[in-house]
Amino acid sequence: MTTRQELRPDPRIRSRARRAITAPIVAALAVGLAVTAGPVPVQAAPPVVAQEWGSLMYRSLTRQQTLATLKSTLTMQQTAAVTRTREVSQATAALAAAQARVTPAGTAVTTARARQAAAQTALTTAKQNLTKAQKKRPVSKTAVTKARNTVTAVTKVLTVRRTETQKATTTLVTARTTVRTAETTLTNATNTRAALAAALAVTRNRIATLPTAGAYADKAATISRDVVTQTRTGFVVADTMTVYGTTVHRSVAYAFKRMVDDARANGIAISGGGFRTRERQIELRKINGCPDVWSAPSSSCRVPTAIPGRSLHELGMAVDITSGGKTLTRTSPAFKWLVLHAKAYGFVNLPSEPWHWSITGG
């Protein structure tokens with residue numbers, strides 16, 4: 001299997017080859033690609049197997065882009081992981097520091113409350129002594145004044161002690177709040193790091209298990225006959241679309257477009273006739289001298305022409321390829337290029353007709 005990576009355009013067209021890379025990976029399942037101008041008519045969805053073929057070929061032809069995207073994502077995730085780990089370390093240190101402030105703050109509150117209680121006791125005693133001095137007869141003005149001064153002094157001390165207790169309590173509340181905040185920050189940082197680690201594992205696994213382009217194309221080849229069989233039952237003209245002037249089934253449109261683009265990037269111009277109606281197939285059978293339109297084998301015609309209803313052209317899944325307006329021969333540069341590369345785009349040659357390429361080779 002020849003893959004896209006194996007193509008070797010010359011330096012003059014390499015930049016054009018790079019520009020031929022199209023569509024982000026998120027469009028991988030979009031079979032109805034915008035490869036032609038104008039509105040697309042409403043139609044029933046192609047069979048699931050046809051959509052699968054288109055999806056497989058899309059993934060085959062964009063596999064290099066997908067891998068590059070995954071590797072870029074991995075690099076960004078690895079960089080983010082370093083940041084998240086640093087944040088966890090910083091949050092852990094901040095929590096430890098916050099917790100270290102709680103114990104001395106608690107001790108300070110206990111001490112302040114004890115000193116406040118002592119001041120309160122002292123004030124009670126001073127007031128009692130003042131009362132005794134005032135009741136004692138004869139009254140001693142000196143004793144009363146001394147007792148009153150003591151009450152005033154002790155009241156001031158109690159006020160100071162209450163302020164100290166209030167400040168110590170505020171400091172303790174702040175320390176505990178800081179601990180709770182630090183715990184939340186650490187939890188969030190740890191959860192974020194864990195989520196990123198899980199995402200990293202997923203990205204690494206996607207890179208490790210990403211099938212090769214050839215594997216995708218081979219899988220598409222295995223279902224190509226089912227694609228033809230199931231498409232025949234409900235095919236309508238609206239299932240086709242035009243790619244650079246060639247009408248093909250929409251499930252093969254992206255692969256055909258890429259083949260044309262990549263051939264051009266290698267200096268090979270290809271085009272051709274794709275879809276044709278049952279009526280045109282009948283007309284060609286007559287033009288090509290088939291003994292009987294409906295029963296004579298293709299080989300009995302002057303130019304091999306399939307019996308109406310059997311041609312892959314009637315489904316848009318075959319193209320009679322031309323190059324420079326000329327039908328291909330086995331010596332044509334375009335034929336030689338297709339022999340090397342067409343299989344990577346899901347197209348196989350009918351050995352008896354160098355120009356005829358389809359998804360089954362029929």
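I call a residue buried when its relative accessible area is under 20%, and by that cut-off I find that Cys290 is buried and that Cys301 is buried as well. I keep in mind throughout that I am reading a predicted model.

**Entry 1: the chain as a whole**

I began with the overall make-up of the chain, and I counted nine helices and seven strands in its secondary structure. Of the 362 residues in the chain, 40% are buried, and I noted an accessible surface of about 19600 Å², with 58% of that surface belonging to carbon and sulfur atoms. I then looked up the contacts between residues at least 6 apart in sequence, and found that 72% of them join residues at least 24 apart.

I looked up the confidence next, and the mean pLDDT of the chain is 88, with 88% of the residues reaching 70 or more. Among the elements, helix α9 (residues 333–341) has the highest mean pLDDT, 98, whereas helix α1 (residues 11–19) has the lowest, 38. Over residues 1–43 the pLDDT stays under 50, and for this stretch the model has 75 contacts beyond four places in sequence.

**Entry 2: the disulfide**

The link of Cys290 and Cys301 is right-handed, with 110 degrees about the S-S bond. Cys290 and Cys301 each lie in the loop between α8 and β4 (318–323), so the pair ties together parts that are 11 residues apart in sequence.

**Entry 3: helix α8**

I turned to helix α8 (residues 278–287), and wrote down its buried residues as Gln281, Ile282, Leu284 and Arg285. Seen down the axis of α8, these buried residues fall within an arc of 160 degrees, so they line one face of the helix. Which residues are exposed on the other side of α8? I found Glu279 and Lys286 there. As background, I noted that an α-helix has 3.6 residues a turn, so residues three or four places apart point the same way. Just after α8, I saw that Gly289 takes a positive phi of about 70 degrees.

**Entry 4: helix α2**

I checked the length of helix α2 (residues 48–61) against expectation: at 1.5 Å a residue, its 14 residues should span 20 Å, and its end C-alpha atoms are 20 Å apart, which agrees. I then looked at burial, and because 10 of the 14 residues of α2 are buried, this helix is largely enclosed by the rest of the structure. Among the buried residues of α2 are Trp53, Leu56, Met57 and Tyr58. I also looked up what the buried residues of α2 pack against, and listed α3 (63–135), α5 (213–222), α6 (224–234) and α7 (250–265).

**Entry 5: Arg162**

Arg162 is partly exposed, with a relative accessible area of 43%. Not counting residues up to four places away in sequence, I found that Arg162 touches Gln116 and Gln120. Although Arg162 and Gln120 are 42 residues apart along the chain, their C-alpha atoms are separated by 9.6 Å.

Technical notes. Residues are numbered from 1 along each chain as its sequence is written. This is a predicted model: local features need pLDDT of at least 70, side-chain atom pairs count only at pLDDT 80 or more; totals for chains, interfaces and linings use all residues. Side-chain values use heavy atoms; hydrogens and water are left out. pLDDT is the predictor's confidence in each residue, from 0 to 100. Helices (H or I, at least four residues) and strands (E, at least two) are DSSP runs, numbered from the N terminus. Contact means heavy atoms within 4.5 Å. Buried means under 20% relative accessible area, exposed over 50%, partly exposed in between (1.4 Å probe, protein chains only). The arc is that of the directions from the helix axis to the C-beta atoms. The expected span of a helix is 1.5 Å times one less than its number of residues. A disulfide is a pair of cysteine sulfur atoms within 2.5 Å. Accessible areas come from the Shrake-Rupley method with a 1.4 Å probe; for residues, only the protein chains shown count as cover.
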